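Reader: I should like to learn how to read the features of this structure from its coordinates. May we proceed one feature at a time?

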Amino acid sequence: MIPTNYYLLLSAILFGLGIVAFVFKRNIITIFMAIELMLNAVNLAFVAFSQALGKPDGEVFVLFVVIVAAAEAAVGLGIIILTARNRRSLNVENVNLLKL
Amino acid sequence: MNAALAIFFVLAVIAVFGAISLIVQRHPIHSALSLILVMVALAGLYLLMGAEFVAAVQIIVYGGAVMVLFIFVIMLLNAGEEERTNFSRLALYAGIPLAVAVTGLIAASIVGSKAAAALPAAGPGTLTSTRTLSTLLFTEFVYPFELTSFLILVAILGAIVLAQREN
Amino acid sequence: MNAFLTNYAFLIVPIVKIAILVLIVLTVDAYLTWLERKVIAHIQARWGPHRTGPHGLLQPLADGVKFIFKEDPMPANVDKVAYFLAPFLTLMLAMTSLAVIPFGPQRFTVWGYQTSLGIADVNISLLVLFAITALAVYGVALAGWASNNKFSLLGGLRSSAQMISYELALTLSVVGVLLIAGDFSLRNIVEQQAGSGKGLLGWNVFPQIIGFLCFFIAAIAETNRVPFDLPEAESELVAGFHTEYASMKFAMFFIAEYTNMITASCLATILFFGGWLSPFPESWTFTHYLPSVFMIPFGLWVIFDGVRYENMFGRLLLPVVGAVITAIAAALIVFPVANDAIQGVFWFLAKVFAFLFVYIWMRGTLPRFRYDQLMSFGWKFLLPVSIANVILTSVVILWRMHG
Amino acid sequence: MPILEHLWIIPLLPLLGAATNGLLGWKWPNKLVHSVALTATGLSFLSALEAVREFVASGQQFFRKEFFDWIVAGTFRAGFDLQFDELTVVMVLVVTGVGFLIHIYSTGYMAHEEGYYRFFSYLNLFMFFMLTLVLAANFVLLFVGWEGVGLCSYLLIGFYFLRKSATDAGNKAFIVNRIGDFAFMLGMFLLFRTFHTLDFAAIFGQAGPIERDTLGQFGVMTVACILLFVGATGKSAQIPLYVWLPDAMEGPTPVSALIHAATMVTAGVYVVARSHVLFQHAPTAMYIVAIIGCATAFFAATIGLVQSDIKKVLAYSTVSQLGYMFLGCGVGAFSAGIFHLMTHAFFKALLFLSAGSVIHAMGGEQDMWKMGGLWSKIKVTAICMLFGTIAIAGFFPFAAFFSKDAILFAAFNSEHGGKGLYAVGLLAAVLTSFYMFRLVWLTFFGAKRYDEHHVHVHESPWNMTVPLMILAFLSLTGGWLALPALWGGKDYFSEFLAPALGSGEVAGVANAHSLELKLSGVAMVAATVGLLVAWRMYAKDVKQGKSEGLHKLLYHKYYVDELYHALVVGPLVWLSRNALWKVVDVGMIDGTVNGIATGTTAAGDTVRHQQSGNTRSYAVWVLVGALLLFALIFWPILRPALFGGVW
């Protein structure tokens, strides 16, 4: 049997890596992937807890997270496509109209 | 060092490796593949924990739909290598330390907390057979469930509206 | 020695089973190509392969040898990782998906290790199957993208879109069966169909006819077979996503495709046609002799056809084959134990074969869809119908439940 | 079906009518609108009758039912509870009956007005609130009706909201009422504090055993009663809060008839009668009520003497008649007060409606000095008006004869200066008959003082005259319930009310009956005196003389309005302009708001340079936030982990 701590630690590490990716990738799509990675890390923690505490609610939450992630991906990628069309670039640092 | 633990470590290593490779890869496709690797590894972990349904969903939805969408878009936009611009000095200098700090913070609190240590081991329990899960989903969480269906509908519409060429 | 076996049976037995299964599947794939060529040839009033070996029976071997020894050129500046990954991924997934298919009712113990016909016997086998097939998209997509060729890319995009679209219909069409069985395990689904003991009347195909049709169509689309073989539409895309692949890598795609056909047929058999169950009521024990009744005439015909074959080799080989077949059939009659043992497998294989034949048949007869037709068919017809089927089924089940 | 069990139907019907007309009526033809309104009120009237029948059939046992909870807080409960007893019978019948007649009348009177649907919707709404008021079984629900009728009267006074005078009158009515309502609420609070409930039955039940305050002693009961009575003065236009009623004549005449004569203004009397148990425990309060009532009766009558506007005259007479009712209650003859309330509802509604009919005939002219000699032109109206006048003047055998007589008799016999009260009341009676007959003569007899070429006098349509006749009949016969009392029979009305109000008989008076007869005779004489004086002064045609001296004082209503304006309104306005507006609002409130705004802007100016537009920098900022958040959340875990529980 594996202590729940391990799972939590793993999820923490993955989350941290997600953060790093989120900050350090320039490609919008990749940044989006980083977000998905963080979501996955959280899911891991959810499942670990639900298994440890013997409550299925955690897994239900995971399902909801997955659904939301799917919806988010659909819309987000749509936005990305638009951005790429209009700005001819996928680099976030070139998408910088949002300033004074 | 029993079999389960070994499997766990293998999968964990795969996952972490995938995540790191997601960061270091220059080409979005490779990042996407690494992410898929992570997800498959996570699915394996779920199976290890005995959350079989979640594992299947993880693969089917994330692996089979979401990531395919990503790759699809990457192909569609024919995205090339990402250029490593550094316009944001803030991100350049403060990024790594902060990320490490957050991770360290969470990790430390997990290690340090009595409660987390006191948690029973997360092994294949009898509780989450798919049946109980679905029962829960359709009794206690039925309103959120319906709401998510609505959410998906909205998302579909949004995606269509966004992606169509305005004429 | 024996102790070693008993200790590590959990490791050894599966490996052995996997090896056997892989061998069988590869052979079947090979001869499936032969069968396909023959059948289509006869549909088109040709002879088909008949040079290498009697009736071209050795053609698959020749093909295999050719694939191995062929040169393997790689296009300039492709994405190597993806380029190599694609075929392996495809083949691997195709093979893996077979792992959860139960081929027969038997459960037996080897060296104190409880096992069954079929590699893995997980209780969510259907979900696993879908999970694997869901991943199958990447092979095609990556191949198309990696080979750095606009035809391939188009093929890849098309196929990924097509597979995603039809996956929905595929999954939803099965939900009806799941509702009836109330279980994800393929084995239990089959046994639930046996429950009534009325033979083929208990099969899911009758209550789930709509579901079955949806499933079958979607399965064809998932396996990229005619009339849904858009990804490799020769006339428009040269060879689609595997244009740039040669020799063994190409072979992998090919094998994967045929393996997927087999998987799909197995799945259809299990979900809708009662898997290894005999179509006759259990009380009719005399039907146990049907295998022999089929095989003996076939064997005799092979001998008869062999002795007057045009070349020497055939005249030597075919009678032997026929004799073996006849002998096996006779043996089955003599030893009822063996006979009972093979009943399940026999029916299973028979049904699978029937489905495979239908696949080939369609390829011989149907034209290919246009891309927009494909999409609109999948989204505007197949999906709604399968959803309707789900609703209908659940309503009926509810109604049965409450009076 | 038993209406009593479903008592809520009676108020609900008008509410439905109001809702229907108010929401949908704006595009409907008049016929549809008033048929809806009439159906609602008529059904309500019928169900009220049915309820009364059941009540009587059930041997007049007190009925009370809780329909649903409204406010429940701790021990306090105020539910939608309705009750039904003899007092309610009288009130409900008066409200629904007179209300119904006035609805019919209005269909004719308002026929050519704008906002027909609005009018009827308000009218129905008023019915609803009034019925809630009289059916309520606790003070809170009663207060709901109380405020509701106030609202409706406000809306209806300001019905011609394009006329500034009308809106001003509406506001005046509302505000003056607020003062009374405030006192009323204080009274309710006091009652709740004393009895820990606001339920009629419970309060009166608890109040019964408590021994009474003596005269001049201000116990809790007394204070509470006085506060309630102040509220009543507001609603029922008694001194000092009567000023709104005359202005309320700005509203359409049917409104004046229904709200400001027959029903709403009697709510105060009703409340006093309803809580008579409390009042009987507070002689001081009773005495105050009596004095105020008596004073108002006389005071208003004097003003009524000289008014030239026909409706104003009736308004002041209403005030004075209300004074009579309070006098009756004040001297302990509650049943007599209620009796007068009922008869007054009949003849005053009649008078107002006839006045309305006259105004209708004159094409909107209200000044009596521009009328005269209408007798031949509009006979029906004139006869009905005459009926009403005789009734209010108190001639035998018309309604007011019995009711006013009962009140005066009770006053005469009340200890503590009963004679004085009686005298003033009698004087007021003389004045009453004087100004009423003055009104009649100025309007219907003498020379025509209007321009016949412009004004085409015409009799009103049937749907206005029929209600007049019915009311005329009622104001003739309304008092006969007490007829037998004259020759020593018993007074059916007070007999009937006895269970609810206690006996109206004045105890301990020697040969009460003969005395009552004598007093009736005196009252008749008084009325006749008034009649003769009026005849002497106005029978032959007269010109409107210029007013000076006492006349002037009366004509300007003792300058009470001006007085109030100087004493109350002026200072208030000054205060709110110079203190509240210029200092509090501009200085403090606006200052704070603008200050915050400028502060925000300044902060934004300094911070906005962080907005580089580079998403990655934003991501880093998010990260900082996340770091702080995690630190905050995990601190309790981290502290021992990091510092090994040093602290």
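Reader: How are α10(D) and α14(D) oriented relative to each other?

Author: This is a predicted model, in which local features need pLDDT of at least 70 and side-chain atom pairs count only at pLDDT 80 or more, while totals for chains, interfaces and linings use all residues. Residues are numbered from 1 along each chain as its sequence is written, and chains are lettered from A and ligands numbered from 1 in the order in which they are written. Helices (H or I, at least four residues) and strands (E, at least two) are DSSP runs, numbered from the N terminus. Axes are lines fitted to C-alpha atoms, for helices over the stretch in contact, and angles run from 0 to 180 degrees between N-to-C directions. Angles under 35 degrees count as roughly parallel, over 145 as roughly antiparallel, 65 to 115 as roughly perpendicular and the rest as oblique. Here α10 (residues 253-262) and α14 (residues 310-330) of chain D pack at about 10 degrees, their axes 11 Å apart; α10(D) and α14(D) are therefore roughly parallel.

Reader: Which residues of α10(D) and α14(D) meet?

Author: Two residues are in contact if their C-beta atoms, placed from the backbone, lie within 7 Å. From α10(D) come D:Thr253, D:Ser256, D:His260 and D:Ala261, and from α14(D) come D:Lys311, D:Ala315 and D:Thr318. The residues of this contact divide into 2 nonpolar, 4 polar and 1 charged; Ala, Val, Leu, Ile, Met, Phe, Trp, Tyr, Cys and Pro count as nonpolar, Asp, Glu, Lys and Arg as charged, and the others, Gly among them, as polar.

Reader: How does one check the length of a helix, and what span should α1 of chain B have?

Author: The expected span is 1.5 Å times one less than the number of residues. For the 22 residues of α1(B) (residues 3-24) the expectation is 32 Å, and the end C-alpha atoms are 31 Å apart, which agrees. Helix α9 of chain C (residues 247-272), with 26 residues, reaches 37 Å from its first C-alpha to its last, close to the 38 Å expected.

Reader: Which residues of α1(B) are buried?

Author: A residue is buried if 20 or more other C-beta atoms lie within 10 Å of its own, exposed if 12 or fewer, and partly exposed in between, with C-beta atoms placed from the backbone. In α1(B) the buried residues are B:Phe8, B:Leu11, B:Ala12, B:Ala15, B:Gly18, B:Ala19 and B:Leu22. Seen down the axis, they fall within an arc of 125 degrees, so they line one face of the helix; the arc is that of the directions from the helix axis to the C-beta atoms. On the other side, B:Ala3, B:Ala6, B:Val10, B:Val13 and B:Val24 are exposed. The buried residues pack against α1 (4-24) and α2 (28-53) of chain A, together with α2 (28-49) of chain B. By contrast, α9(C) is mostly covered, with 22 of its 26 residues buried.

Reader: How many helices does chain A have, and what share of its residues is buried?

Author: Chain A has 3 helices and 0 strands, and 60% of its 100 residues count as buried. Chain C has 13 helices and 2 strands, with buried residues making up 40% of its 403 residues.

Reader: Is D:Lys557 buried or exposed?

Author: D:Lys557 counts as buried, because it has 22 C-beta neighbours inside 10 Å. Its phi is positive, about 55 degrees, although it is not a glycine. D:Tyr558 has a positive phi near 60 degrees and is partly exposed, with 13 other C-beta atoms within 10 Å.
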